[in-house]
Amino acid sequence: MESSFSNKGKGDSEGGILNLRWVITTMLATWPWFLVSIIVAVVCANIYLRYATPVYKISSEVLLNDSRTGAKGDEQILEGLGLTQRNGNEIGNLIRIMKSKPLMAKVVTRLKLNLQYFEYGNVKTTQFYGQTPFKVLMPDSLLNNIQDKYSYKIVFGPNDTYTINASEKNNWKGKLGYPIELPLGKVTIIRTGELPLKEGVKYSFSVSPAMNIAGGYAAKLDIVRPDKMSSYINISIKDDIPERGINIVDTLVRVYAEKNIDDRNEIATKTLEFINERLKDVNKALTTVESGFAKFKETNKITADVKDQSQALLENTTTTQKELTDKEVQLQVIQELEKYLTDSKNKQKTVPSGLLVDDGGAIGKIIDKYNMLQSERYKMLTYSTEANPNVKTVDKQLESLRTDMQLSLEATKRSLQVVINELRRRSGSIDAEIRDVPRTEMKFLEFSRQQHIREELFLYLLKKSEETQVAKSATVSNVTVINNAENTGAVQPNVSRVKNTAILLGLLIPMLGFLARRMLNTRIIAKSDIISNSNIPILGDIGHNDSEVAVAVKSNSHSVLSEQFRALRTNVQFMLPDKSDKVVMLTSSMSGEGKSFIAINLASTFAISGKRVVLMELDLRKPKISKHLGLNNEIGLSTYAVGQAEMSDIIQPSGVEDNLFVIPSGPIPPNPAELIMLPRVDELFDHLKQNFDYIFIDTAPVGLVTDALLLNRFASTTLYVIRQGYTFKQQLQIANEIEENGKMQRLSFLINDVVHKRGFAYGYGYGYESGYGYGYGYGYGGYGYGKYSGGYFDEKEEKPRGFKKIITSILSWLPGKR
């Protein structure tokens, strides 16, 4: 037993709702509850692990190559001039493109992931991938253009029959291998033979828009750059079917590589389209010239001599004419590029630059810069919109470059025109010589020159076409697979984490339950409940009495309860420092808190020590001491006070200890308070103080009647009895008010009914049981008690009936129920 004259000793460590000692002692005292809770939690965890679908992590490593490998030297020149710069966020752009829904939608379409198959089990549903017991055949044009999700349940019957239903009202019957018309379109269901097809088992298949499925997989995709200094990335995805996850990651890399090649070949493709269109026009013009030339020669019966003469004249003018032809070809290319730029349809397209002679000089550099920005803009639109500030910035740069190109083309065209005019002037002498020849020869020479110009232009375009084709075929992707996708193992559920969590929950749930009981409880359970509500010192505590014997302390007794009373005796003696301090009064807030039990045994403890002790039964409204000690209560204080008995008549031996005497209450009077105030009561106390070493007064509860306050004039100290798990917290205010107003001498608390073995140690090492019934309602001449459980020397209880019986049964199953 702990005893104290102050409630400040352990306030800091035990004053809170939750403290370490409470946790430990609660677990030790109620360990069966925690054990059962842990077992149940672990069983639930094993059931969860048995039926949970494992999720696997699929990983692949990809290296990002330098996108400028094999590029023209002009790109390095432009970089040196500040007209372009290397994209420092190329890996970031790659990650964002790979995680984009449009790219993943291509993966879904290629793998047909938007067509899913399921089998319903008793507990969980299994999804098939790869090998399936049946397949739904439909055209790719139908599967890839689904706009809404369709889900159907299917049950197979005998003779290859099946029944499909989408709801209770919509059912379709069909046969394997034969087409059937469903709301999504015409499909054919076949047996695959890969897995057994079970009759009567419920299957299902669903068809969803590719973009919807792509969004789910894109969200699960994780792409990280492990090393910021390197150019490789790790691509991973979590999937409950490893084979599907591997296919998704590998196909994603392939689809990206194809897209990257297509993006990088876009300029070459546009150039080829332009060249092919021009080749058609030039070929048509060349055919027309050659046809006219042949007709001319046939009509004029041109001989070899004329040809030789014309040929000699042409050879003399070859250099000037070839230079003039080249410039005219360049001028036509410039004019075609101007026409291309002014067409609004080509505003968001790359500009073909392969036609420019010697890569076009400054114009070629501007076109390369323009095409690079167009490609960057296209990549940005895969993961953002045109309203994005970065896209708008690129649009402004493109517009500026477009204007620069138009100005440069105009300047180039003017310079070419000057050169052409000069060449034509220089060829004037040649024209004069031609005019000197006969008319037929002059006409022949004109046809030859036109034919030569068209042939040169055609050969030039054909050469550029071949060069572009070679460049296009040599384009490779900017990604290289380091490690193909592979299954790294299951990541969900984490077996150890699930089991550890189950054990933790098994500990927490009972603890939270006990904590909730404590927080919601309105009765005094712990020392902290007293410390936080009162400054009155705690003198000691008395444990729970399992027996029904009234006297728990005897001279030869060495029980825990006996030692507690002996310790209490020492504490009480400290409260009575003077020899004249002999009277100890016991009171409480209400009935049932164990005053009489403590009074009997505390008085007996003092008597055992050799002191003459008298115990006064002054709970005149409902006396208990004489009944429990088997004494005659027909004569007592009530008869003495009114003059019907003398002092010697009412002082009786206790029958417990030789030095212990008892003054019974006598018959219950109609006016106990007035009786206590009679002069004969004062005379009795004077006599007792002269003839006894200690006087113990068992009085009525001060929270219900004023008897204790009236008897305070005789008391040297007062023990205010509080019963654990029974006394209400708000009833401490009764003792606080008495202390503040000085209505009782040396008031201190005594805690009763502390259950050590329960382990609810809120400062004492005791448990509690809330739910004690109680009833008061002091009436004239009696208390009018209701029934209550717990405590000591209870009145005989009636068996609970009806609703009360149900409540009692429920409480009997609660932890800590006594």
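The model is predicted: local features need pLDDT of at least 70 and side-chain atom pairs pLDDT 80 or more, while totals for chains, interfaces and linings use all residues. Residues are numbered from 1 along each chain as its sequence is written, and side-chain values use heavy atoms, without hydrogens and water.

**Exercise 1.** Classify the pair F685 and F714 as stacked or edge-to-face.

Solution. Rings of Phe, Tyr and Trp (its six-membered ring) pair if their centres lie within 6.5 Å; planes under 30 degrees apart are stacked, over 60 edge-to-face, and the rest tilted. The structure holds 15 such pairs. In F685 and F714 the centres are 3.9 Å apart and the planes stand at 5°, so this pair is stacked.

**Exercise 2.** Decide whether F685 is buried or exposed, and do likewise for F714.

Solution. Buried means under 20% relative accessible area, exposed over 50%, and partly exposed in between (1.4 Å probe, protein chains only). F685 has 1%, so F685 is buried. F714 has 6% and is buried as well.

**Exercise 3.** Classify the pair Y720 and F749, then locate its two residues.

Solution. The centres of Y720 and F749 lie 5.7 Å apart with the planes at 85°, so the pair is edge-to-face. Y720 is in strand β20 and F749 in strand β21 (residues 747-754), 29 residues apart; strands are DSSP runs (E, at least two residues), numbered from the N terminus. The relative accessible area of Y720 is 0%, so Y720 is buried. F749, also at 0%, counts as buried.

Definitions and conventions:
Helices (H or I, at least four residues) and strands (E, at least two) are DSSP runs, numbered from the N terminus.
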